[in-house]
Amino acid sequence: MNIELTKHGGLAAGIRRPPVCVKSSDLPEADATELRRLVAAVRDESLPINAGPGQVRDGMSYAIAVEESDGTKSEYRVSDGQMSDAFAELLTWIERRSKG
Amino acid sequence: MKANCRCVNCITPPHILKRLLESSRREVREAAMNSLLVTARLRGERAVRAKTFAGVAGVARRTIYDCGTSYRLSSANVARTESDGQSSDSSVNLAFDGLGTTREFFREVLGRDSIDGAGMRLNGYVHYGLNYNNAFWDGQEMVFGDGDGVIFSDFTKSLDVIAHELTHGVTEFTANLEYHKQSGALNESISDVFGSLVKQWSLGQTAEEADWLIGADITTPEIELDALRSMKAPGTAYDNDVLGKDPQPDHMDRFVHLPDTEDGDWAGVHYNSGIPNKAFYLAAIGIGGFAWNAPGDIWYKSLLASHERTDFQEFAETTYRIAGADYGCSEQTAVADAWRQVGIRIAGATSRGRNRKGGDRDESHGPRSESANDCATLADQIKAIANQVEKLARDVKALKK
């Protein structure tokens, strides 16, 4: 499973933000299992449909692209102001890993 | 400290405390407000709070919540209220004080009582998310991240950022500028303008002395970055391999066209705000002195006179009209020239080089607008009439002799 997190918008919308990539094959088995669990939780969650900025100003948006080992691809998107529990948990996990 | 407050509560009638809320001295107002709050709490009169404080000028109550690096606001804990002293958490105190300073600015300088003009509570959330490089307004409250420590540090460190977010609330309750395309860029610019003005006001800086940077205090030594944006010189806040180059334009010729999507920053609201930002800076420099006086007042009144779809051109014309109506020729000329320099021409305010009399450009003072010529002509006429009146008065006096 390959994961790619990209971020857009926010106060610093103009800065370059390279995506954060995680490969489950590079992870210890326990971490890879945890990652699969977090992705499954996001998949099972009904994410809000984003029709526009609403009343949020300077909010950031997050896109997590998932590529399964069989090549199946999916993408999950959430913005500040409509963050779901499962997405937040996965986002935090990726952020923690990217920070080292 | 709290024990003393309680004693005062017991012997000071509420109606006197309420009068003290209108005191010109800040410490008296805050002491009275704290006393009223503690009194209400002791009596279990929670409902009294809203009724007592709603609509009382300058007492919009602040509450700071700690998200503890969570992305969920609903699970955040109360970290500081008006009745609490300093917190051991610097982010909490910075957010609390920053919201207080911004509240004071809007009340004392612009006569506005909080975000909604009616004493709305100010709720701030700190430590949002993990390594969160941002701050935002969610329609009800202001949210601040800690930064990742590499590109940005704690977003509560910049007063202009705190004021920027609170101003989004003010805009929502006034013009409610749609958050995309030019109205969205104007929305962003309004937040930068008043964000910078709050900082300038708190530091007592003139337009010339101010740095006109947004977010200069949240940068880190790790990356070469002056700030998030420069109002004085849009497009120059950063230029390095990590972050890229600051993409803000400073003129309509360089307007950035992006998709009206999240990924496109809603057609570049944080990009094209550089154009009206530069116009405000130029107007403030042109008028001179403290930018929160005439320039800030003109921009605030123009915000109040705007609507959801106001674009750059309409806003420019509104500032020009208000500058002329509420101030004078020099302020109106400075406003017209500021907009002209970013590529927005106001009808009836063309440059002197192309005025209807065919006059030449005044090279010694740079290009001047037609409004300036109109003003100068009017001043000349008044002076001529005054001279005539003076001469007539002398003639009458001589005849009497």
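**Group meeting: a walk through a two-chain model**

Let's start with helix α10 of chain B, residues 294-304, which is mostly covered: nine of its eleven residues are buried. Buried here means under 20% relative accessible area, with exposed over 50% and partly exposed in between, using a 1.4 Å probe and the protein chains only. And helices are DSSP runs of H or I with at least four residues, strands are runs of E with at least two, and both are numbered from the N terminus.

Before I go on, a word on the model. This one is predicted, so local features need pLDDT of at least 70 and side-chain atom pairs count only at pLDDT 80 or more, while totals for chains, interfaces and linings use all residues. Residues are numbered from 1 along each chain as its sequence is written, chains are lettered from A and ligands numbered from 1 in the order in which they are written, and side-chain values use heavy atoms, leaving out hydrogens and water.

Okay, back to α10(B). Which residues are buried there? They are A294(B), P295(B), G296(B), D297(B), I298(B), W299(B), Y300(B), S302(B) and L303(B). And what do they pack against? In chain B, that would be α6 (159-173), α7 (181-203), α9 (274-287), α11 and α12. Contact, by the way, means heavy atoms within 4.5 Å.

Two of those partners also pack on each other. Two packed helices are described by the angle between their axes and the distance between the axes. The axes are lines fitted to C-alpha atoms, for helices over the stretch in contact, and the angles run from 0 to 180 degrees between N-to-C directions. For α11 (residues 312-326) and α12 (residues 329-341) of chain B, the angle is about 165° and the axes are 8 Å apart. That makes α11(B) and α12(B) roughly antiparallel. On the cut-offs: under 35 degrees is roughly parallel, over 145 roughly antiparallel, 65 to 115 roughly perpendicular, and the rest oblique.

The crossing of α11(B) and α12(B) is left-handed, meaning that the near helix is turned anticlockwise from the far one by less than a right angle; clockwise would be right-handed. On the α11(B) side you'll find F315(B), A316(B), T319(B), Y320(B), A323(B) and G324(B), and they meet E331(B), Q332(B), V335(B), A336(B) and W339(B) of α12(B). By class, the residues of this contact are seven nonpolar, three polar and one charged. Nonpolar covers Ala, Val, Leu, Ile, Met, Phe, Trp, Tyr, Cys and Pro, charged covers Asp, Glu, Lys and Arg, and the others, Gly among them, are polar.

Now look at another pair, α5 (residues 90-108) of chain B and α7(B). Their angle is about 95°, with the axes 10 Å apart, so α5(B) and α7(B) are roughly perpendicular. From α5(B) come T101(B), T102(B), E104(B), F105(B), F106(B) and E108(B), and from α7(B) come F194(B), L197(B), V198(B), W201(B) and S202(B). The contact of α5(B) with α7(B) has six nonpolar, three polar and two charged residues.

Some of those names come back with T167(B), which sits in helix α6 of chain B. Is T167(B) buried or exposed? Buried, at a relative accessible area of 0%. Leaving aside neighbours within four places in sequence, T167(B) contacts F106(B), I190(B), S191(B), F194(B) and G195(B).

S114(B) has phi near 70°, a positive value in a residue other than glycine. S114(B) lies in the loop between α5 and β3 (122-126) of chain B, and is buried at 4% relative accessibility. A267(B) also has a positive phi, about 70°, without being a glycine; this one is in helix α8 (residues 265-272) of chain B and is buried at 9%.

Zooming out, chain B has 13 helices and nine strands, and 55% of its 401 residues count as buried.

What about chain A? There are two helices and four strands, in the order β-β-α-β-β-α along the sequence. Of its 100 residues, 43% are buried.

Last stop in chain A: D85(A), in helix α2 (residues 85-99). D85(A) is partly exposed, at 42% relative accessibility. Not counting residues up to four places away in sequence, D85(A) touches E45(A) and, over in the other chain, R72(B). The C-alpha atoms of D85(A) and A41(A) are separated by 9.3 Å, and these residues are 44 apart along the chain.
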